[in-house]
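Good morning, and thank you for joining this meeting. I would ask you to look at the sequence and the structure together while I speak.

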Amino acid sequence: MPAALANQRILIIDDDNSVLVSLALLLKQAGYASISCDDAQQAMQILATQEIDLVLQDMNFSLQTTGEEGLALLVDIKRLCPALPVLLMTAWGSIALAVRGVKLGAADFFTKPWDNTQLQELIRSTLEMAQVAMPANADRQALDRQFDFSDIIGEHAELLKVMATIGRVAKTNASVLILGESGTGKELIADAIHRNSPRATKPIVKVNMGAVTTSLFESEMFGHVRGAFTDAKSDRKGHFAMASQGSLFLDEIGELNRNDQVKLLRVLQNQSYQAVGACKTEQADVRIISATNRELAELVASNEFREDLYYRLNLITIRLPPLRERRSDIPMLANRMMATLSHSYGMQPVSLAPSALRWLGSRTWPGNIRQLKQCLERTLLLVGKPVLEQHDFLFAEQHEEAQGQGMSIAGMTLDQVEKLMIEKAMEQHNGNITRVAKVLGLSRFSLYRRLEKHQITVTEDDDEVQQ
């Protein structure tokens with residue numbers, strides 16, 4: 001145990017005396033001091049009068065087994081000691097409850113019965129994270145002075161908590177599980193972890209696990225040698241080899257089927273693998289970062305995801321807030337993305353009027369940052385003004401809805417729909433071929449062919465002047 005953790009005191013809260021005794025013994029063997037109690041009032045008195053570094057709290061610490069009392073105690077603990085890490089104890093049948101607890105501020109949870117080695121590792125990593133020096137009440141500027149967060153936009157308190165966690169875990173080799181709704185920026189978080197780690201000079205290899213078929217899983221992940229199977233005409237490196245000494249980002253990890261979960265688990269346990277058809281064993285020197293928009297713990301409870309693999313992946317868990325919970329960041333996000341989009345399309349800088357920013361901030365954005373970017377891009381291309389107002393976004397939204405409805409009008413052929421869309425785009429962009437082609441997803445040459453096919457007249461003052 002690191003010397004910095006040798007004098008840590010851990011509070012155990014559980015109404016089951018056998019659990020208290022077992023955990024106290026485990027902690028003593030691991031070199032920690034502990035104190036035990038069996039009710040919420042006593043726990044709060046201890047926290048108010050003694051120095052505690054970590055809490056192990058049962059979700060059902062009384063005869064009532066709904067878990068609501070456990071959540072209430074957690075809230076009270078975080079109110080009294082906001083920085084104190086809490087690990088929740090629960091049974092597999094109550095994982096959804098534990099997930100609620102994590103969202104309320106718990107550092108993580110573990111299940112009964114627990115694995116002693118896994119629990120000791122969880123306790124150690126949780127205490128280590130709490131010990132890492134961070135600026136008191138760190139603001140965005142303080143975090144930026146310590147770390148490279150150049151691709152992460154925002155200053156909301158929940159986002160700053162995520163960034164502070166990245167700062168703590170990046171320098172370790174711990175596996176990280178990133179949870180969050182689709183479009184919240186999980187890949188950007190993985191990039192930030194890698195960029196701020198000792199492995200930053202080596203590659204980060206990204207794999208969409210939902211796109212890896214079972215038949216090709218071993219070849220994709222571990223590589224193959226020439227002649228290993230019919231189509232193996234040459235040696236091929238797998239993702240583990242390409243990420244050697246760097247990081248391996250396993251996106252959509254919740255989509256991995258049970259058979260492939262076993263193969264991945266074996267590599268993570270043994271830290272080694274064999275390419276398909278090879279005799280030589282290779283070392284798996286990679287840092288694993290995984291992500292999913294599904295609640296992985298609930299997949300474990302429903303037997304869709306292996307419990308042992310889950311614990312290998314989630315030594316550290318980072319939860320990204322949805323965009324609707326950090327609305328104050330929307331103007332900053334929108335302005336930055338609009339500047340990037342206008343530059344990428346070779347257009348003059350485009351700004352957002354206050355009315356547009358207010359409208360964007362009022363939306364719920366179920367698709368999160370990805371949906372916000374699509375909205376900005378669509379409006380930029382359809383309207384093409386130097387300053388975008390609220391009514392411009394409403395126009396683009398109505399246009400999108402009208403196009404969707406137009407595509408389903410009974411009696412229209414595909415050619416008729418195509419001609420209508422081109423005519424509307426030509427009208428909205430005053431015959432600017434470049435912009436029309438971009439809006440329709442065509443090359444200029446392809447657009448000219450369709451204009452000729454549908455006998456649509458084009459003026460010669462095309463586009464370069466109009467941009």
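Predicted model: local features only at pLDDT ≥ 70, side-chain atom pairs only at ≥ 80, totals over all residues.

Five strands form an open sheet in the order 2-1-3-4-5, and their pairing is parallel. At its edges stand strand 2 (33-37) and strand 5, each with a single partner strand, so one side of each is left without a neighbour in the sheet. On average, neighbouring strands here are turned by 20° against each other, direction ignored.

Within this sheet, strand 1, residues 9-13, runs parallel to strand 3, residues 54-58, and four bridges join the two. I13 stands opposite Q57 in strand 3. Helix 1, residues 17-29, lies across strand 1, strand 2, strand 3 and strand 4 (86-90), and runs at about 165° to strand 1.

I turn now to the backbone. Which peptide bond is cis, with omega near -10°? That bond is the one from K112 to P113. P113 lies in the loop between strand 5 and helix 5 (116-131).

Two further loop residues deserve mention. Q245 is not a glycine, although its phi is positive, at about 70°. Q245 is found in the loop between helix 10 (239-242) and strand 10 (247-251). Its relative accessibility is 41%, so Q245 counts as partly exposed. N303 also has a positive phi, of about 65°, and is not a glycine. This residue lies in the loop between helix 12 and helix 13 (307-313). N303 has a relative accessibility of 54% and therefore counts as exposed.

How many cavities of 30 Å³ or more does the structure hold? There are two. The largest cavity has a volume of about 80 Å³. Its lining consists of 14 residues, and F109, L179, Y310, T317 and R319 lie nearest its centre. At least two lining residues each are supplied by helix 4 (95-103), strand 5 (108-111), strand 6 (176-179), helix 12 (296-301) and strand 14 (316-319). By type, the lining of the largest cavity comprises nine nonpolar, two polar and three charged residues.

Thank you for your attention.

Note on methods: Residues numbered from 1 in each chain as written. Heavy atoms only, no water. 1 Å grid on protein atoms, 1.4 Å probe; cavity = no way out; pocket = protein on both sides within 12 Å on 5 of 7 lines; lining within 4 Å. Points joined across faces, edges and corners; volume = space filled by probe spheres on them. Nonpolar A, V, L, I, M, F, W, Y, C, P; charged D, E, K, R; others polar. Pairing = 2+ DSSP bridges. Axes fitted to C-alpha atoms, helices over the stretch in contact; angles between N-to-C directions. Contact = heavy atoms within 4.5 Å. Buried < 20%, exposed > 50% of the residue type's maximum accessible area, 1.4 Å probe, protein only.
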